[in-house]
Every structure is written in structure tokens, then in C-alpha cells.
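Hi,

Here is the structure I promised to pass on. My notes follow below it.

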Amino acid sequence: MRRNLEELPRLVRLAAEYGVRTLSVQHLAHDFTEESLPEQYRTMRRFVEDETLMNEDPARVARCFDEARALAGELDIDLRLPNLRKKVGTRGCDWPWRGAYIAYSGEAMPCCMVATPDRANFGNVAKEGVVRVWNNEAYNTFRSRLASDDPPDICKGCAVYNGHF
């Protein structure tokens, strides 16, 4: 986030202190694009727009990322940072073909960006079984739309889908 970017190297050090070997930092993203959404989603959209690094001074971001990368190298941590420059012509995501993101309650979601199963889920793997959910109509329809020119609405505002990773 914009307000705590300088804390990234300290986060790397904290991860090392706890024995973490890989630290992934992801871009703040949202899919709350419709003005008709409830207030809590509009509030989240404003928060993300205020805190995103996409509009931050590139020199500040580069300085903090470089410092964090150097420290991660010293501490033998695999640090994965977001790409803040859009890859020209790159759109899409392969998450729903590579793996499932499962909520504590068993619901399979397309990815971690969805965050909660009330926003999108394909069924409960604990109740229905992994293979049945993985191959069900809802999952396959989602994958088909994601591969098309008309992706699911939930993907349209995603940093991964829009080529920022």
C-alpha cells in the first residue's frame, strides 16, 4: 500500500525471523466497478484506489522494492513482488485451470482475489468431492468465459487478469 511501502524491508526481516522462506506481495485490486454496488464495496474501491501503488511515484516504489529485494537476497528469502507496469497486450489468468482456492468451509473459488465464497464459488469440495466440483458446469462455464472476450465480471478489475503480474 502507498502508506506503508517503506515498511516492506521490515516485513522481509520479520518473515525471516519466523522462518518464512517465500514472501509474496500482491497488488491491491478490486472488481467493484459498478456504481450500483452497496456502500461497503464502494468504500473498498475508494480504499484500493487511494492505496494502490499503480499511481505512486515509480522512483519511490523502485527504491523500496530494491531495498526489499536486496534484504531478501541476504536472508535467503524468495521475494515475489507485483509488476506495476502493465504488460502490453497481456490479459488473462490461468488460475482456474492450475488450482483451486478453497475456503475454510470447503467452497471452491476461482482464486485468492475473490477472497470470500459469497462473491463466487463453484461448490463445496468437502461435501461434493474435489473431482466433482473441479469438473462441474459452474467451474467449466467460468473457465470458458475467462478464456473469452467476455470474462466474468469479477475478473474485469483484477490485477492479474489485467496484466499487472
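Predicted model: local features only at pLDDT ≥ 70, side-chain atom pairs only at ≥ 80, totals over all residues.

**Fold and overall figures**

The chain has 165 residues, and 35% of them are buried. Among contacts with a separation of 6 or more, 58% join residues 24 or more positions apart. The chain exposes about 10,100 Å². Carbon and sulfur atoms supply 51% of that area.

**Cysteines**

The structure holds zero disulfides. Cys 93 is in none; its nearest cysteine sulfur belongs to Cys 111, 5.9 Å away. A disulfide needs the two sulfur atoms within 2.5 Å. Cys 155 has 10% relative accessibility, so Cys 155 counts as buried. Cys 93 has a relative accessible area of 22%, so Cys 93 is partly exposed. The cut-off for buried is under 20%.

**Glu 107**

Look at this one in the viewer. Glu 107 sits in the loop between β3 (101–102) and β4 (108–109). Glu 107 is buried, yet has no salt bridge. Which side chain of opposite charge is nearest to Glu 107? That is Lys 127, 6.2 Å away. A salt bridge requires a nitrogen-to-oxygen distance within 4 Å. Leaving out residues up to four places away in sequence, Glu 107 touches Tyr 101, Ile 102, Pro 117, Asn 121, Gly 123 and Asn 124.

**Trp 134**

Trp 134 lies in helix α6 (residues 130–134). Its relative accessible area is 25%, so Trp 134 is partly exposed. Beyond its neighbours within four places in sequence, Trp 134 contacts Pro 96, Trp 97, Arg 98, Gly 99 and Ala 100, as well as Tyr 139, Asn 140 and Arg 143. Take the pair Trp 134 and Pro 96: they are 38 residues apart in sequence, and their C-alpha atoms are 9.2 Å apart in space.

**Surface patch**

Four residues form a nonpolar patch on the surface: Leu 11, Leu 14, Tyr 18 and Val 20. Together they have about 390 Å² of accessible area. Leu 11 belongs to helix α1 (residues 8–17). Its relative accessible area of 39% makes Leu 11 partly exposed.

Best wishes

Technical notes. Residues numbered from 1 in each chain as written. Heavy atoms only, no water. Patch = residues over 30% accessible without salt bridge, like charges linked within 9 Å, V, L, I, M, F, W, Y side chains within 5 Å. Areas by Shrake-Rupley, 256 points an atom, 1.4 Å probe, with all protein chains shown as cover. Helix = DSSP H or I, 4+ residues; strand = E, 2+ residues; numbered from the N terminus. Buried < 20%, exposed > 50% of the residue type's maximum accessible area, 1.4 Å probe, protein only. Contact = heavy atoms within 4.5 Å. Lys, Arg positive; Asp, Glu negative; His and termini not counted.
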